[in-house]
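The report below walks through a structure with attention to its local geometry, its helix packing and the surroundings of its ligands. Please read it alongside the sequence and the coordinates.

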Amino acid sequence: MSSIKIELRQEDVSKIKEICASFNNDPQELINVLHKCQEHFGYLPAEVQEVISTELNVPVAKIYGVVTFYSFFTMTPRGKHPISICMGTACYVRGAEKVLEEFKKELGLQVGQTTPDGKFSLSSLRCVGACGLAPVVMIGDKTYGRVAPDDVRNILKEYENY
Amino acid sequence: METITLTIDNKKVDVPRGTTILKAARQLGIDIPTLCYMELHDMNIENRPAGCRICVTEVQGRRNLAPACATKCEDGMVVKTHTTRVLNARRTVMEFILSDHPKDCLICPKSGNCELQSMAHKLGIREIPGAEIAAMSTYRKDTSPSIIRDLDKCIMCRRCEMMCNDVQTVGALSAVNRGFMAAVAPAFEQNLEHSPCTYCGQCVAVCPTGALTEVDHTPEVLRVLADPTKTVVVQTAPAVRAALGEEFGMKPGTLVTGKMVTALRALGFDYVFDTDFAADLTIMEEGTELLDRLNRYLKGDKTARLPILTSCCPGWVNFFEYYFPDLKEVPSTAKSPQQMFGAIAKSYFAEKIKVNRKDLVVVSIMPCLAKKYECQRDEFSVDGNRDVDFSISTRELAAFIKQANLDLNNLEEGEFDAPLGESTGAGVIFGTTGGVIEAAVRTAYEIHTGKKLDRIDFTELRGLEGVRQAAIDFDGLEVRIGIAHGLGNARKLLNDVREGKSQFHAIEVMACPGGCIGGGGQPLHHGNSEIIKARAAAIYEEDRKKPLRKSHENPFIIKLYEEFLGKPNSEKAHHLLHTKYFEKKKKIIVKQ
Ligand code: SF4
Ligand code: SF4
Ligand code: SF4
Ligand code: FES
Ligand code: FES
């Protein structure tokens, strides 16, 4: 399990408290609280789990247990350029898996990981609604269509100086 | 309650509705093997995750095999517990578990006492299909001051998680990850040292395998015993004598005080002393503190904090330092008997025998794993020299005795050495829940009233109920006493104290269910609570047999005050025998 030490700002702490309060600080709502926090922060670093632990009065070990049990929770921050590869049916049959493999190879990452310099992170998505362009890759807000494994290197080049 | 009838292995049995197949079968004397399941009957402790499936049985009319530990009996049910189908299923389950388990039995600390090992043997496993190709999941070993976690040997029975969360409410451990990487671990898979762990050792006490064990200090003890420049003294806690015999095949509840003394002498300890002496000393200090606070309180002194909480259990101390730091002025400041002993041994006794404290080594034999941590706390050292150098558990002592080719069964009864080996019955009962406060009552009553007690046994303070209370008449003054064992029970009483709702004048807390007799360093009970009860009975028996049963009557304690300490709670006594408590900050260390 890798994760990066972060300092929470006062407003972050307030935000977590606000989310917990919106569920009445009810320990039964832990999963929903985690979802909301991940929506807000993009991931669930240890410090966020610590605050939730105090607010909901649930041992932080239990929270970590839940975070590591469900694959939709992550403790890894997204990269500066988050790469998402669509694995919906249309993209899949048009070879998205090979594209994903190429990204993994080029970046030396697994799905859910971020490069050590924090530049790229890799994730897979369900259908993003652009099936006509399958296979689809998104980097940040930018969408790439009909991506072939051979294109991957060039796509990454675009971000060389950012 | 409604009774239902079912048939197990062609025998009819009546059970209350809600009974599991496992319990119904036990009622018939049929032994269904279990692995993850564990129960401490009468102590409200049960682990039933229905995870391992070793206990499967065949229920007529059901397609799938049913885990006996979690399946409720139904009226007219027909159950078969050992059909060929069941035997095959158990074997498959076992092979699967073993395929992800190191074959370390030769060097495993649990070997010979491991439930997994004996189950593999019982089920006749001789090879593990596919073991050569399957890669085993491996984990980083974690060593804390008291406990070693070797999760390669974890079978995910989750007993430790249940103890740590449901019984102790510490919440240091939780199931994390999934699939082959699943484990029971502290948050962020940090070391136990960075978690709220109290080192109570209750997880170790229930772990069926070698995944959780104590840090073994016998090699160091062996080294100092072989060093001619060292004088080595040993102290033995009260609960040890009531359990050590179990490791040598004796019936639970057999007292082995004299034989243990002989064994320790044979192992080469220069002086064999008794922690019970220090327990008597604790009563003098803690009892005086109680009376002082009570008297001040009765006079209307608002600074007198009541209730006073006992402080002899280091697991409990760790617990309130972490979870109730706002109340850290409430417990008695008296050190634990282990540490009082060390402080006196390395001052009073060292002077007496003219040995420099650096050449005097104090070893303690404890039923407890938290004591290993306690003796390493900074405040219990002088210039880097610990008051208690090493603490080893009852189990470690048993192994040590066996290594020296001694059989406890055949040893003569020995006597403790003077002066730190003399104790009263009050010191002995420190080993069981309710014992510390009963010992304190015996002394505080006589000091407060100036009268002799006409009855010494306060049976109202005894028993295994998790939270108990009693009011004792101090000649017109009603002293209200609360008792909790198990940290979850302690938490309830502490919450009341925090909210100002507590009605008690004094509260005794022991971290382990049953008190020290059920400590994390004791011979393993393997889920049999009768063993713990038998130990308690043995402790009270030893108390009854003692000629002196009140701490303040111990002649060597009287002498210690006359020659050295002055009065209880004197300045010197404070310096040597009292301590203070610290807020335990959360130390989050996040791996990069
Ligand atoms: S835990 Fe038990 S089965 Fe595993 S290596 Fe140790 S003794 Fe053998
Ligand atoms: S020693 Fe006690 S507090 Fe620590 S992990 Fe084990 S059960 Fe929990
Ligand atoms: S560490 Fe021991 S008690 Fe805990 S789940 Fe693993 S095998 Fe069971
Ligand atoms: S499947 Fe990829 S966009 Fe629809
Ligand atoms: S003992 Fe019943 S499932 Fe493990």
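## Conventions and the fold of chain A

Helices (H or I, at least four residues) and strands (E, at least two) are DSSP runs, numbered from the N terminus. The model is predicted, and for that reason local features need pLDDT of at least 70 and side-chain atom pairs count only at pLDDT 80 or more, whereas totals for chains, interfaces and linings use all residues. Residues are numbered from 1 along each chain as its sequence is written, chains are lettered from A and ligands numbered from 1 in the order in which they are written, and side-chain values use heavy atoms, with hydrogens and water left out.

Chain A comprises seven helices and four strands, which follow one another along the sequence in the pattern α-α-α-α-β-α-α-β-β-β-α. The C-alpha trace of chain A spans about 50 × 30 × 25 Å along its principal axes.

## Backbone exceptions

Most residues other than glycine have a negative phi, and most peptide bonds are trans. In chain A, the bond between A:Ala134 and A:Pro135 is a cis peptide bond with an omega of about -10°, and A:Pro135 is located in the loop between β2 (120–125) and β3 (137–139) of chain A.

In chain B, a cis peptide bond with omega about 5° links B:Ala418 to B:Pro419, and B:Pro419 belongs to the loop between α13 and α14 of chain B. B:Asp9, although not a glycine, has a positive phi of about 45°; B:Asp9 sits in the loop between β1 (3–8) and β2 (11–16) of chain B.

## Helix packing

Two packed helices are described by the angle between their axes and the distance between the axes. Here the axes are lines fitted to C-alpha atoms, for helices over the stretch in contact, and angles run from 0 to 180 degrees between N-to-C directions. Angles under 35 degrees count as roughly parallel, over 145 as roughly antiparallel, 65 to 115 as roughly perpendicular and the rest as oblique. A crossing is left-handed if the near helix is turned anticlockwise from the far one by less than a right angle, and right-handed if clockwise. Contact means heavy atoms within 4.5 Å, and in the residue classes Ala, Val, Leu, Ile, Met, Phe, Trp, Tyr, Cys and Pro count as nonpolar, Asp, Glu, Lys and Arg as charged, and the others, Gly among them, as polar.

In chain A, helix α2 (residues 30–41) packs against helix α4 (residues 60–69) at an angle of about 70°, the axes being 11 Å apart, so α2(A) is roughly perpendicular to α4(A). The crossing of α2(A) past α4(A) is right-handed. A:Leu30, A:Ile31 and A:Leu34 of α2(A) touch A:Ile63, A:Val66 and A:Val67 of α4(A), and the contact divides into six nonpolar, no polar and no charged residues.

In chain B, the axes of helix α9 (residues 275–298) and helix α18 (residues 555–565) come within 10 Å and cross at roughly 65°, which means that α9(B) is roughly perpendicular to α18(B). On the α9(B) side B:Phe277, B:Asp280, B:Leu281, B:Met284 and B:Glu285 meet B:Phe556, B:Ile557, B:Leu560, B:Tyr561 and B:Leu565 of α18(B), a set of eight nonpolar, no polar and two charged residues.

Because B:Arg265 lies in helix α8 (residues 257–267) and B:Asp417 in the loop between α13 (394–403) and α14 (425–428) of chain B, the pair ties together parts 152 residues apart in sequence.

## Ligand surroundings

A residue is near a ligand if one of its heavy atoms lies within 4 Å of it. The shell around ligand 1 includes B:His101, B:Cys105, B:Cys108 and B:Cys114, and divides into five nonpolar, five polar and two charged residues.

Around ligand 2 are residues including B:Cys164, B:Cys197, B:Cys200 and B:Cys203, in a shell of nine nonpolar, two polar and no charged residues. Ligand 3 has among its surrounding residues B:Cys154, B:Cys157, B:Cys160 and B:Cys207, and its shell has ten nonpolar, one polar and one charged residue.
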